[in-house]
Amino acid sequence: MNFAVLQFPASNCDQDAVHVLRNVLGHSARLLWHKETSLGNADAVIVPGGFSYGDYLRTGAIARFSPVMQAVQAFAAKGGPVLGICNGFQILCEAGLLPGALIRNRSLQFRCEHVFVKAATANSPFTSQIPDGKVLRIPIAHGEGCYFADAETIARLKAQNQILWQYADAQGELTDVANPNGSVENIAGICNESRNVAGLMPHPERASEGLLGSADGRLIFESLIHALESKSVAKAA
Amino acid sequence: MSDPAITPALIKQHGLTPEEYERIQGILGREPNYTELGIFSVMWSEHCSYKNSRPLLKTFPTKSPKILVGAGEENAGIIDIGDGLAIAFKIESHNHPSAVEPFQGAATGVGGIIRDIFTMGARPVCSIDSLRFGELTSPEVRRLFSGVVAGIAHYGNCFGIPTVAGEVYFDKSYEGNPLVNAFCLGVLRHEQIARGAAKGIGNPVFYVGPATGRDGLAGAAFASQDLTEESAEQQRGAVQVGDPFMEKLVMEACLELLATDAVAGIQDMGAAGLTCSTCETAARAGTGIEIDLAKVPQRAPNMTPYEIMLSESQERMLIIVHKGREAEVKRIFDKWDLPWAEVGTVTDTGRMMVKNRGELVADIPAKKLADEAPIYQREAREPEYLKAVRAFTLAGVADTQDAAGNLKTLLGWPTIASKNWVYRQYDHMVRDGSVVCPGSDAAVIRIKADSLPQDGEGKSATVDKYIAMKVDCNAVYVYLDPYEGAKTVVAEAARNLACSGATPLGSTDNLNYGNPHNPEIFWQLRESVRGLAEACRAFNAPVTGGNVSLYNQNPNGPIDPTPTVAMVGLIDKLEHVTTQWFKDEGDAILLLGDVVDRNDPMLGLGGSAYLQRVHALKTGTPPRCDLDREKELHLALRSLIYSGVVKSAHDCSDGGLAVALAECCISQQIARETPRLLGAEIDLSAFTGVRLDALLFGETQSRVVISVSAVQAAKVLAQAKILGVPAAVLGKTGGTALNIKANEGTLSCDLRELHDLWWNAIARAMA
């Protein structure tokens, strides 16, 4: 499969995503500079983590205006899969591709640590290969990862099964202590109504090799690859 | 606005002595003008010239067959790690700026050291920090501490560099004068080494990065004087403002440009900004340099030549480009939307000539300015306080009646307690290389293909390498015995590397002291450098560079002498990477080294955390480190690790054996709010005739706690004997408590309680 990993000024998990897709999972992945207007032959788009434009205005607020984001909008509208990780999740929310917003952690501090997350559903191209009930151990690293949306939006997310990942404890319980940032409903990641665009705050690309302490994050990429190979998501090109 | 007249008062205000001023007149053959006076004052500050410390620095071991760029040659040293790869690393202080404005002071400290690394052509891949503050009971100290940590987090996280290790000490001597020493490590291929030399007569000189403003005026000179209320207030403008987003772009653009071979020389504008970068590049190449200030991008209106030359605005670089390749600079910097300007040329005059709108505003022989600062042999005198230190004995100190309580006190002391409040604010995993994260003896990172700067030919993958690093300094030991204390600083750093499975490659040090004009301070400096040099030699860890920060004192007195040592080592195989926490139930726990040094009248308690916290005594001759024995210990430990039997290894240092054992039981963190606790049953009754506090909390050197599977214990003891290292089985792992039995008493603690005290101590102090 061909992955396009977007590169904004001060994306800083872009190389990590390429490393995992290419060297760990054996697929083709390339960096796509934010001034590009075409996604080329990409089968899927990764919007990686980092501090696009320094996040000085508001996380993701400027990146959404980059030329490449128009191409991503069109790709997503045709059903092409898009996965936003951390800052990528924030950008997708700012771009209106995902509902809600990510606000300052309730600790008011940046947090980098391993957390446990549980897939709330296997019904998505991003979660299908995660065994039922498995608790994934994946790191977070963010200052603004507290997912927020109004009650109506949350109700809709629940009704349409759009919550994909939630912070849990080691036993899979959705406790308050396990919630690292104060996200509503312990939400770690969601998808859009069409289920082809998803975002999450944890970094699966940092948990894809045993030597880094966990390989649980691979299940998320493997779900996406499985979906592409079985053509359950559109090839938008 | 006309320049002020040069008066004795103005000269003094610039930190120059009458003799230094005469020397300047001699070099120029005339009176300097105001701009030139400013240029000399920053270049001849301690920060840039090492005028008080250079003779001492020459005693450091600086050579090994692996050193590709040595100390003092360039912005950072470079060491060969095999397979055509190399690492560049260095530590640097940002103490005074952090005292005045902790957030920006610390942030720009990180930014500055990152620039030193990519200036060498290396891609920065990780940083570590050594921090010191007063005690957290003071609200002002809490403000400084939280500001510094937030500043480091802000810069490093946004830039995208993992902050993988560090140390934090809290001691009254740093109140009002915190220490912020930042270290960065980068990776490159041998042929990618870039030089800070203005080579090639006629080559154009480029300025890249953001415009120059009035921030950070003469910061290098500010760093080279005592810190007082008044100076701090006046010098707030000497603190720069950092922009990590800009630095990330500047780095990517510079590495992209370096891959084109269009660059003849490159240097960052750090301390002393445009002044230092122009005269040093010319001095290194033996050329001259001419620049026109009117072409320098300026952020503020009506800046004077003095201000432009002395500004320390951040994230700026000076690049000398091969003539005819100018278009490549433009193409790449335009791609990254970065300002650039051609500001001058390399000349054959040997002079640094600065023009402003056609007018010559400075004309100085570059080499004399950069390399011929005065050198001082300061007077040294043994400090008075050492008499009392040496006279102190344990006679008046009653043995402990509450070992468990003492252990809890020590684990809950912020200096010993977990630093998770700090490192959880740092992104310590970005770049997918953090094999051992903060919380073990040394950090270990993996170097892989994308750790390297891109190259023109697009060479692909390379073998993975594992690099361990640690920064250490028990400054109380150094205060109580500068020579012996400094040796233990190096020994502890090397021991931490050995515990992680690494062999040292080299070190970088940051010498933080008080005012060197005080003979007692200079004696501390001289004696500790002697100890550092001897120990770095012993461990084959030559010094590749570093930084000297003097004048660290506030009106209450000087800081404890603090020679921070960051040591870097190589681990050959992934399976040799070792962490400090116990792994499995039923494993044997062994001590390598003597349980207590019976030749030490203080039994390892001199300067110990125990005496400081339990008896409020910061005195006594600190434990000595026998470098030969220490080396044998490291060799033995590595050989045991290579043989595959060692499941965990943890060095005994602050707080002694009891604290080390407790840390082995409680320091593994699986995930948020999820520690893994594994108890231990320890029997020390074989060690007779030693007071209980010395046995449990003494800090005798050259000791490591390891765990091995029970069936291997006898074999490991035998092997240790062959390797000439004392070893003993202390007990076994298991259960949910730490139980220690000794002849003089016992200790029993529930691990959940110990973990809570240790893990949350700093958060509670900051709440």
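1. Helix α21 (residues 519-538) of chain B is mostly covered, with 16 of its 20 residues buried. Please keep in mind that this is a predicted model.

2. At the start of α21(B), B:Asn518 brings a side-chain oxygen to within 2.8 Å of the backbone nitrogen of B:Glu520. Just after α21(B) comes B:Asn540, with a positive phi of about 50 degrees.

3. Another asparagine of chain B, B:Asn552, sits in the loop between β18 (543-549) and β19 (553-554). Is B:Asn552 buried or exposed? Its relative accessibility is 0%, and buried means under 20%, so B:Asn552 counts as buried.

4. As for the surroundings of B:Asn552, its side chain makes a polar contact of 3.1 Å with that of B:Asn177. Leaving aside residues up to four places away in sequence, B:Asn552 touches several others, including B:Asn95, B:His96, B:Leu179, B:Tyr513 and B:Pro558.

5. Over in chain A, strand β6 (residues 111-119) is largely enclosed by the rest of the structure, because 7 of its 9 residues are buried.

6. Which strands does β6(A) pair with? One is β7 (residues 135-142) of chain A, antiparallel to β6(A) over 8 bridges; here A:Glu113 stands opposite A:Ile140. Another is β9 (residues 163-168) of chain A, also antiparallel to β6(A) and joined to it by 4 bridges, with A:Ala119 opposite A:Trp165.

Key: Residues numbered from 1 in each chain as written. Chains lettered and ligands numbered in written order. Predicted model: local features only at pLDDT ≥ 70, side-chain atom pairs only at ≥ 80, totals over all residues. Heavy atoms only, no water. Buried < 20%, exposed > 50% of the residue type's maximum accessible area, 1.4 Å probe, protein only. Helix = DSSP H or I, 4+ residues; strand = E, 2+ residues; numbered from the N terminus. Pairing = 2+ DSSP bridges. Polar contact = N/O pair within 3.5 Å; in protein donor to acceptor, adjacent residues only side chain to side chain. Contact = heavy atoms within 4.5 Å.
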